[in-house]
Amino acid sequence: MDEIFIGSLGGTIAMTRQDGGGAQPRLTAQWLLASVPGLPAGLKVQAHSVLQVASPSISLPDMLAVLDWCNACQQQGARAIILTQGTDTLEETSCLLDLFWPHDVPLILTGAMRLPDSAGADGPANLRAAIEVAQDPGSRGRGVLVVVNETVHAARRVHKSDSLAVQTFTSGSAGPLGRLCEGEVIWFAPATRRPALPPPRRSDHEVALVMMGLGIGPGQLRHALTSPEYAAVVLSALGAGHVPAALAGVVSEGPPGRPLIFCTRCDDGPTTRATYGYPGSEIDLQQRGAWPGGWLSAAKARILIWAILATGATGDQARQLFDARSRP
C-alpha cells in the first residue's frame, strides 16, 4: 500500500494549555496521528511536523515552502498528502495551494474547532476522515480538498462561516463535493479541476484588502491605490460589488496596470457586471478599470491575484488568468 504523508502546521488541532495560560500549538504530527482511533491495519503513514504556528501567523512565503514540501512528498511516491492546520486561514491556504497544485495526487487539508483536551474534540475525527478520503480513488484529480466534519469541500469554494461552531465550513451555493457515510466517501460530482498556475517566481509583493461600509471615507482606499507597497488592491464591496458614490472617483487614482478587484462582502453570491449603473456601482467601477471578482470572496480574490502576480503575469495575461478562476 502506498504511503500517506501527513504534515502538521500547528493550529487548534495541535494546541495545548500549560500553567493555566491560553492554548498554543505544541503537539507534533506524530502525536496527532497517534490520537486517531481505529486506523486500518497495514496503513502506511509518514507524519512530519512542518510548521508549528497558529494559522493567523502563517505567511504566504510559508505556504510556498509548504507547497515545496508537498511536491517533494509527491515525488517520493505519496498516495496522498494531508496537512493539518488552524482553521482561521484554512480557506486561504487551501486556495493558494490549489492554484499551484498540478498533480492528481490528493492534497487534503483539515483542522479542528475544539482543543484536543476539550469535550468532544473534533481533531481526531477530522484527521481520520481526511485519511479515509485520501484512500478513496475518487479523491484523485480533484485539486486541493478540505475535509472537515465528515464533509469534503473544494478549496476554491470553501468558506469559514462561524467563529466557533464545529460545522463552520461551507461551500455556499456550489455545495460540497462529497460526504463520508459509514466510512465510505459519497461523491456528489465527478472529478474536475482547473489547470494549475505556473510555478511562482516571486513572493515579496503585497496585495491590499479594503472593506467598504456605511459612511466609509476615501482615506484607506486612496492609500491602498496610490501606495507603492501594494501590487494590487482588493475591495470587499457592498452588495453585488458597490462602493459609495463619494469613493467612485478614488477608484481611478491608482497607477495604470495595477489590478483593482471588487468582490461582494456578502457570505455568498457573485458580483454583478451589468445590473446597476449609478456612481460606485459595478458598471461604473468597471468603466474605471476595476475587475469584478465574480464568485470569489475578497479573501480568495486576494490570494488569487497574489498568486497570479507571483508567476510574473501582468496586464491582459493577469486579467485572463483571474477571470478564468473567478467562477465556482
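## Salt bridges and an exposed glycine

Gly-257 sits in the loop that runs between helix α6 (245–248) and strand β15 (260–264), in a model that is predicted. With a relative accessible area of 69%, Gly-257 is exposed, because the cut-off for that word is over 50%. Although Gly-257 and Asp-316 are 59 residues apart in sequence, their C-alpha atoms are 9.2 Å apart in space.

The next topic is charged side chains. Side chains of opposite charge can pair when their charged atoms come close. In the whole structure, a search finds eight salt bridges, and the table gives three of them, including the pair of Arg-319 and Asp-323.

| Pair | Closest N to O distance |
|---|---|
| Asp-117 and Arg-17 | 3.4 Å |
| Arg-319 and Asp-323 | 3.0 Å |

Asp-117 forms a salt bridge with Arg-17. Asp-117 belongs to the loop between β6 (107–110) and α4 (123–135), while Arg-17 belongs to the loop between β2 (15–16) and β3 (24–25), so this pair ties together parts that are 100 residues apart in sequence. Arg-17 itself is partly exposed, at 47% relative accessibility.

Arg-319 counts as partly exposed at 25% relative accessibility, and Asp-323 counts as partly exposed at 26%.

Key. Residues numbered from 1 in each chain as written. Predicted model: local features only at pLDDT ≥ 70, side-chain atom pairs only at ≥ 80, totals over all residues. Heavy atoms only, no water. Helix = DSSP H or I, 4+ residues; strand = E, 2+ residues; numbered from the N terminus. Buried < 20%, exposed > 50% of the residue type's maximum accessible area, 1.4 Å probe, protein only. Salt bridge = Lys/Arg side-chain N within 4 Å of Asp/Glu carboxyl O.
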